[in-house]
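Thanks for coming. Please bring it up on the screen.

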Amino acid sequence: PNGLTSLIFGNFLGSGGAYSAQLGADIPWDLSRGAESGIGALTYQTGIIGSSLYLLFLAMIMRALFFGYLNYRKVDQRLSAYFLAILCALSGLLGNVFFQEVALAPIPTSTFIIFSGLALSLITREKIMTTSNLKANNV
């Protein structure tokens with residue numbers, strides 16, 4: 001794809017960036033030397049739509065962690081500190097993605113996503129337990 005189509009939908013996964021060049025992709029020199037940011041590589045490969053969905057996904061996780069921190073800071077300080085720590089770590093990862101492509105490598109990204117998933121499961125479990133306790137007390 002080229003022109004407006006590649007801007008919107010991208011140039012396919014693996015079509016640019018330092019990792020693609022290491023795996024033997026035939027790409028231009030300037031797209032293979034790591035001289036771009038992670039968001040630049042993501043936008044080049046998946047287009048504006050793909051990078052927007054990725055950023056929206058991270059924003060939704062960070063929003064849930066922030067509200068989890070606000071809701072549990074007076075009830076359970078350890079749990080709220082965990083939410084805040086994961087929120088700060090994800091903020092650091094997101095900031096790093098704007099400067100380095102290697103921030104999107106599977107090892108650092110998967111670690112943050114796993115810990116975020118654990119935090120979100122705690123929020124969901126607490127909501128379910130609170131809802132069931134309220135229903136039991138009202139009956």
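The accessible surface of the chain comes to about 8,900 Å², and carbon and sulfur atoms hold 67% of that. Bear in mind that this is a predicted model. Of the 139 residues in the chain, 31% count as buried.

Now the layout. The chain has five helices and zero strands, so named in sequence order the pattern is α-α-α-α-α. Among contacts with a separation of 6 or more, 65% are between residues 24 or more positions apart.

Back to the surface for a moment. Which residues form a nonpolar patch there? They are F9, I49, L53, L56 and M60, and together they have about 530 Å² of accessible area. Helix α3, which covers residues 38-72, gives the most to this patch, with four residues.

L53 sits in helix α3. Is L53 buried or exposed? Its relative accessibility is 54%, and the cut-off for exposed is over 50%, so L53 counts as exposed.

S51 is also placed in helix α3. Here the relative accessible area is 6%, and buried means under 20%, so S51 is buried. If we set aside the neighbours within four places in sequence, S51 is in contact with L42, T43 and T46.

Next, the inside. The largest nonpolar core has 19 residues. Those with the most contacts inside this core are L58, M62, L65, F83, L90, L93 and V97. Which elements give two or more residues to the core? They are α3, α4, which spans 77-97, and α5, which spans 106-138.

V97 is one of those core residues with the most contacts. Leaving out neighbours within four places in sequence, V97 is in contact with S37, G38, I39, A103 and L104.

Last, confidence. The mean pLDDT of the chain is 79, and 73% of the residues reach 70 or more. Where is confidence lowest, and where is it highest? The lowest is helix α2, residues 18-22, at a mean of 62, and the highest is α3, at 89. Where pLDDT is low, the predicted coordinates should not be read in detail.

How values were computed
Residues numbered from 1 in each chain as written. Predicted model: local features only at pLDDT ≥ 70, side-chain atom pairs only at ≥ 80, totals over all residues. Heavy atoms only, no water. Patch = residues over 30% accessible without salt bridge, like charges linked within 9 Å, V, L, I, M, F, W, Y side chains within 5 Å. Areas by Shrake-Rupley, 256 points an atom, 1.4 Å probe, with all protein chains shown as cover. Salt bridge = Lys/Arg side-chain N within 4 Å of Asp/Glu carboxyl O. Buried < 20%, exposed > 50% of the residue type's maximum accessible area, 1.4 Å probe, protein only. Contact = heavy atoms within 4.5 Å. Core = buried A, V, L, I, M, F, W, Y, C linked by side-chain atoms within 4.5 Å. pLDDT = per-residue confidence, 0-100.
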